[in-house]
Amino acid sequence: MENLIDKRQITAQVTKISWERIWLHLEVKVTFAEDADTQSPLSFYLVNGLYEPKAKLKVTGTDRREENSGQERCIIYRLKVNITNPGTSLCLPQGTYSMIICQKKSQMAKAEIAQSLVQDMSSASRNFLYGGRAKVYSVTFYVTEGDEGLPFIMYVLAGGRTGISAPAVHAKKGFHPKEALKKKYSKINKPLKVDMYWKYRKKYKHKSGRPVVMFMSEQSTSISTNLKAVKDRMLARGMDKDYIIVESYRSSVTNPRMGLKSWMDTLKKMAMADFIFLDDHAPMLDWLIVDKDTTLIQLWHAGAGFKSSGYSRWGHIGCPAPYSCHRQYKYGIAGSKNIAHFFSEVWGINDSQVLPTGMPRIDEFLDENHRRKKTKELYEKYPVCKNKKVILFAPTYRGTNKANAHYPYELIDFDRLYEICGDEYAVLFKMHPWVAAQVPIPEQYRDKFADAGKYPNINDLFYITELLITDYSSNIFEYSLMKKPMLFYAFDEIQYSFSRGFHRPYEESAPGRVCHTFDEILTAIEQKDFDYPKVEEYVEKHFDYIDSHSSDRVIDWIILGQLPDAVKQDLAADAAVNKELETLDFKPADGGK
């Protein structure tokens with residue numbers, strides 16, 4: 001690549017540094033010489049000390065300006081990069097980075113720091129703790145002494161406490177964490193299980209004569225939601241004639257001491273599989289790297305709530321390591337292309353890998369025969385709901401995991417809620433499945449209140465619900481299709497935002513009125529003040545398809561390989577950028593000597 005930096009046709013200054021979770025945002029003021037090309041697009045790269053580009057920054061906006069009475073032509077570029085996934089589905093590697101601005105096939109400028117920003121650089125730096133806060137991924141901005149000007153320098157470090165080895169980095173060409181982890185865990189941490197998988201893989205790979213599709217959960221002992229919907233649809237289409245379907249459902253998250261037989265059975269099925277469908281994080285895949293010929297697909301149950309998960313909450317307690325199960329997904333799914341970026345951020349993969357198929361479990365939810373059947377069953381099961389408008393109280397849990405999940409029942413004013421119900425309302429309480437403690441419904445209120453905690457599918461409850469009260473849960477996704485009002489009881493919004501984090505502005509995005517006290521909830525019910533128009537806005541953004549064919553799209557697009565052209569183009573565009581990064585050479589003319 002031709003180096004024209006010394007010609008100073010273009011100069012660049014970083015004028016603003018800010019963070020949005022794991023997204024680094026930069027504003028760069030680019031000044032053009034009088035005879036410079038202002039029409040051809042610019043590209044911005046983070047280049048390490050070995051002159052290797054490791055990230056191409058995304059341009060999110062521009063502002064054209066003229067300064068000094070029109071003597072200077074400037075454009076302000078707004079840029080961003082996800083430091084947990086700059087496009088490679090891996091963290092930005094350890095190294096010392098500068099920013100090089102290119103135009104066509106030439107290096108045009110090396111970014112500097114605006115003088116007004118120098119004093120704020122230390123506060124713009126970030127430390128992301130993980131691994132039980134024993135390890136850190138650090139991003140630091142600084143200016144070196146002795147340099148001409150104020151070159152933009154960003155230093156990325158992956159390290160740990162004294163006595164704890166730093167995580168693997170991949171700064172060298174030809175190095176890939178998957179291969180390093182495979183070698184590491186084969187010899188040290190998980191020798192028996194890893195070796196067992198690869199021995200099974202060698203024995204069973206492509207030996208069955210038919211492609212093998214595996215449905216797998218490490219979170220539950222039974223199949224449910226999206227996994228069940230896709231499997232049932234495959235069977236309904238008669239695909240078990242052309243495909244072998246295998247299943248493994250274990251609760252290894254809460255019961256990690258699985259016996260050898262359980263491991264042998266699961267690993268054998270994984271080794272046979274051409275496709276593995278998951279319904280949630282599988283901890284074993286944090287350290288077991290599946291064969292590259294196996295397609296791993298995440299059918300996560302969350303439609304799109306607010307709370308951050310996975311890499312979206314990197315640096316918070318319970319966040320994943322730099323390399324985890326999520327990095328192995330070839331595809332995930334979402335309800336629409338508009339919200340694909342929420343999921344890709346969680347999993348640390350690219351937007352193009354999140355396919356807007358819709359949620360398979362909604363197929364049944366939208367089936368009118370299923371709706372009539374379940375509605376009849378629900379009124380029989382919960383007679384308090386007959387001839388009443390049903391309020392469904394269904395918040396998410398508090399706590400960090402299944403072991404300590406709880407809900408502060410003392411914040412529910414059962415007395416006043418009962419009084420407000422009058423002859424109009426009945427209330428069903430459906431707590432998150434991880435909350436073991438039952439709702440303490442006073443005995444004298446059981447003619448209007450019922451605990452539906454053990455009811456298996458919350459979606460069915462939506463059929464008889466007139467008002468949903470929730471908080472940060474993703475249950476709003478399906479319920480929004482009922483086109484009925486919601487209230488949000490966010491008594492701990494500030495604390496929750498700090499500890500868990502939100503991946504979008506909460507009060508702005510919640511499809512209903514947000515209340516911070518139970519008194520506000522009761523007032524909203526009395527006045528029927530639900531801010532309903534936000535529900536219709538939510539549906540328009542979150543659903544590309546409102547039909548009963550999401551399972552078919554998962555099957556057709558992924559298993560049968562019939563991806564829409566638009567999806568193929570997005571995947572190809574991401575692949576092209578990564579290929580470009582591998583081929584670009586930023587070495588100076590003297591070879592960097």
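Gly422 comes directly after helix H9. Its phi is positive, near 50 degrees. The model is predicted. Helix H9 itself covers residues 414-421.

Five names make up the buried set of H9: Phe414, Leu417, Tyr418, Ile420 and Cys421. These residues cover an arc of only 165 degrees around the axis, so they lie on the same side of H9. Their cover includes two strands, E21 (425-429) and E22 (449-451). Helix H14 (518-527) is also part of that cover.

Leu192 belongs to helix H3, which runs over residues 191-204. The relative accessible area of Leu192 is 54%, and Leu192 counts as exposed because the cut-off for that class is over 50%.

The protein chain as a whole contains 17 helices and 25 strands. Along the principal axes, the C-alpha trace spans about 80 × 65 × 50 Å.

Of the 593 residues, 54% count as buried. Among contacts with a separation of 6 or more, 69% join residues 24 or more positions apart. The accessible surface of the protein chain is about 27,400 Å². Carbon and sulfur atoms account for 49% of that surface.

Technical notes: Residues are numbered from 1 along each chain as its sequence is written. This is a predicted model: local features need pLDDT of at least 70, side-chain atom pairs count only at pLDDT 80 or more; totals for chains, interfaces and linings use all residues. Side-chain values use heavy atoms; hydrogens and water are left out. Helices (H or I, at least four residues) and strands (E, at least two) are DSSP runs, numbered from the N terminus. Buried means under 20% relative accessible area, exposed over 50%, partly exposed in between (1.4 Å probe, protein chains only). Contact means heavy atoms within 4.5 Å. Accessible areas come from the Shrake-Rupley method with a 1.4 Å probe; for residues, only the protein chains shown count as cover. The arc is that of the directions from the helix axis to the C-beta atoms.
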